[in-house]
Amino acid sequence: MLAIRRVSMHCCRNQRLSFLTVRICCGKRNVAGSCGNYASELVEMQGASLNRFLSSPRVYSSSSYGKVYSFSSQAGTESHGDEFNDLENSMTKEIAFEDENHDTVLSSKQELYESDEDDVSEELFGDLETFSDGFEIGGGRKIQGDVPVLSMVKAIITSPKIPVITVVNKWLEEGNELTKAEISSAMFHLKKRKLFTKAFELSEWLAYNNHVDLSERYHASHVDLTAKIRGVYKAEEYVCNIPKAFRGALVYQALLAGCVAATNLKKSEEVFSKMKELNIPLSCFVCNKMLLLYRKTDERKIPHILRLMEEENVQPSLFTYEVLINWKGHSNDIEGMEKLVETLQSKGLKLNSRIQASLAKNYVAAGLKDKAEEILKKMENGDVMKNRWACRWLLQIYASLGREDEVERIWKVCEPEARLSECMAAIEAWGSLGRVENAEAAFETLVQRANVPSTRHIAFMLRVYANHKMLAKGTDLVKRMSGMNCRIGPLAWDALVKLYIGAGEIGKAASVIEKGIEAKSGRPMFISFMAVMEKFAEKGDVHNAEKVFMMMEKAGYAPGVRQFQSLLDAYVNSNTPAYGFIKRMRADNIFPNRALAAKLAHVDAFQKASILELL
């Protein structure tokens, strides 16, 4: 642990750290207010800016927004967002619900067995062991190792258009027995494939029909799903309704995991403080979650978590090293990254596939191509066929190295029996190399394998067209997929937005988002809104920038500094006074950083004194 801390402190010695103390305030809907009164502790924020602490780029609020803002100015009232053509109308032909967590369904038998370790994100990977097997097999024994795909989960996954309850009832009518092994298998694989809506519905049905014991592990699993589907505030309300006897470490771990997944810094730190107040022992799982959070929001606080681990004698796991290696790589601290690898190996741990791929990517980013290729050869281990798990990463990383010959070699091995993840990697690889025709061929292979491509599959091909500004081909693809009854959801919408923006059609990009909200088949992504708003801001189009701002609130995205900054850019670029802008920010409990304050002073000279008071 000391070795890890030494490595982590190396990058902090040359940084000027500003120290400020921020009180974690309890709003109307928080752990403290709902579950009991406890003093909010002071959190020492080393080197954190007020901006980064008070706002998060991806905070989801499940509450509806009743506020209606009037524009700070009436400038630019013409609208460019009213153009709807056959392409946008085809987006509303959704055949199945797709939630905000990008639920995907499996449309072929091959994909049913294709959820390898490499398809699981690092955030989800740690949760699977802790929460997905919340339904024990019997006698307190949990599923260990590989979880088999049993008949009930096969029925659910292969019937994407049918409600889970209908599928399960039919499955029972066929004479099947609902065992604990079946339940555990279903929950594990639905979560692993990010079918969170289906897992949530199954969990509620099981509890309502008394098919599971309402133990702490069940409640933890349901908190985890509630956070993913309904947001962290609904998950928090559920926690407060759990009997105190079952409101233990696992439940709070699940709530913390949900807050971290939402990148909700304030709420995550509140839950972390609550666990400390309840004397819940500090676990490696909790530390890993906080490391993930700070890696995304404030890397200067990572050493604080490492120091806590050392003080509490919490032993790091392989996943801990994975998070730290990624952190060092993203910080371009190659020496620190390599020292972590040495420490990991000295403890007898082996590099897993995700760590190897991360090392290779970080070497590529640092310009160390020889070291990257050395890692890739180790991943191949002399025989790509025997190491098919590596092909997905090999395709992507060789493409980033510009090694078209290696991409072609790997794809020739995969293509005859290509997995869907390999098809997507090939599409991305060929697209980055400028070989659009090869990317199209890989997409056709994917269509043959999947029968009905998901929104994620379509998004990969749309991104290639967007990067090469092929608007006609992109729109033709969407029409074709809609004709095949494919779901066009948030990921595909985001790619389509970028396609229109690349072609200069900002009004049509905005209309894609608006249609996405109306379709109610998953909300458009945060980055989709911001991409459109920033383009309107560049043009000084105040009216449409305001319109996108309010669309974000309608979609459930809480206002933050980034949204206000982009909106203010529209006023600055149009040389229009932004009357009442500071009051709007105060109403949302948003405080400007110095850069934003300077812009406010530029557009509202009469409010300079008020701006300085906020700093």
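Me: Let's start with the whole chain. Of the 615 residues of the protein chain, what percentage count as buried?

Reply: Keep in mind that this is a predicted model. In it, 56% of the 615 residues count as buried. The chain exposes about 26600 Å², and carbon and sulfur atoms supply 49% of that area.

Me: What does the secondary structure of the protein chain come to?

Reply: You get 34 helices and 2 strands. As for how the chain folds back on itself, take the contacts between residues at least 6 apart in sequence: 73% of them join residues at least 24 apart.

Me: How do I read a nonpolar core, and which residues touch the most other members of the largest one?

Reply: The general idea is that in soluble globular proteins, nonpolar side chains tend to be buried together. Here the largest nonpolar core has 142 residues, and the members touching the most others are Trp-411, Ile-427, Phe-529, Val-532 and Phe-581. Apart from that core lies another, of 26 residues, including Val-149, Met-152, Leu-202 and Leu-206.

Me: Let's zoom in on Phe-529. Which residues is Phe-529 in contact with, leaving aside neighbours within four places in sequence?

Reply: Phe-529 is in contact with Ile-513, Ile-517, Pro-524, Val-548, Met-551, Met-552, Ala-555 and Tyr-557.

Me: Where is Ala-509 found, and is Ala-509 buried or exposed?

Reply: Ala-509 is in helix H28, residues 506-519. Ala-509 counts as buried because its relative accessible area is 0%. Not counting residues up to four places away in sequence, Ala-509 touches Val-497, Tyr-500, Ile-501 and Val-532.

Me: Now helix packing. At what angle do H24 and H26 pack?

Reply: Two packed helices are described by the angle between their axes and the distance between the axes. For H24 (residues 436-450) and H26 (residues 471-483), the angle is about 5 degrees and the axes are 14 Å apart. Angles under 35 degrees count as roughly parallel, so H24 is roughly parallel to H26. On the H24 side, Glu-440, Phe-443, Glu-444 and Val-447 take part, meeting Lys-473, Leu-477, Arg-480 and Met-481 in H26.

Me: And at roughly what angle do H25 and H27 cross?

Reply: Roughly 10 degrees, with the axes of H25 (residues 455-467) and H27 (residues 490-502) coming within 8 Å. H25 and H27 are therefore roughly parallel too. Residues that meet there include Ile-458, Leu-462 and Tyr-465 in H25, and Leu-491, Leu-496 and Leu-499 in H27.

Me: Last one: how many disulfides does a search of the whole structure find?

Reply: It finds 0. Take Cys-391: the closest cysteine sulfur, in Cys-414, is 3.4 Å away, so the pair is too far apart for a bond. Cys-391 counts as buried because its relative accessibility is 0%, and Cys-259 is buried at 0% as well.

Technical notes: Residues numbered from 1 in each chain as written. Predicted model: local features only at pLDDT ≥ 70, side-chain atom pairs only at ≥ 80, totals over all residues. Heavy atoms only, no water. Core = buried A, V, L, I, M, F, W, Y, C linked by side-chain atoms within 4.5 Å. Buried < 20%, exposed > 50% of the residue type's maximum accessible area, 1.4 Å probe, protein only. Contact = heavy atoms within 4.5 Å. Helix = DSSP H or I, 4+ residues; strand = E, 2+ residues; numbered from the N terminus. Areas by Shrake-Rupley, 256 points an atom, 1.4 Å probe, with all protein chains shown as cover. Disulfide = S-S within 2.5 Å. Axes fitted to C-alpha atoms, helices over the stretch in contact; angles between N-to-C directions. Parallel < 35°, antiparallel > 145°, perpendicular 65-115°, else oblique.
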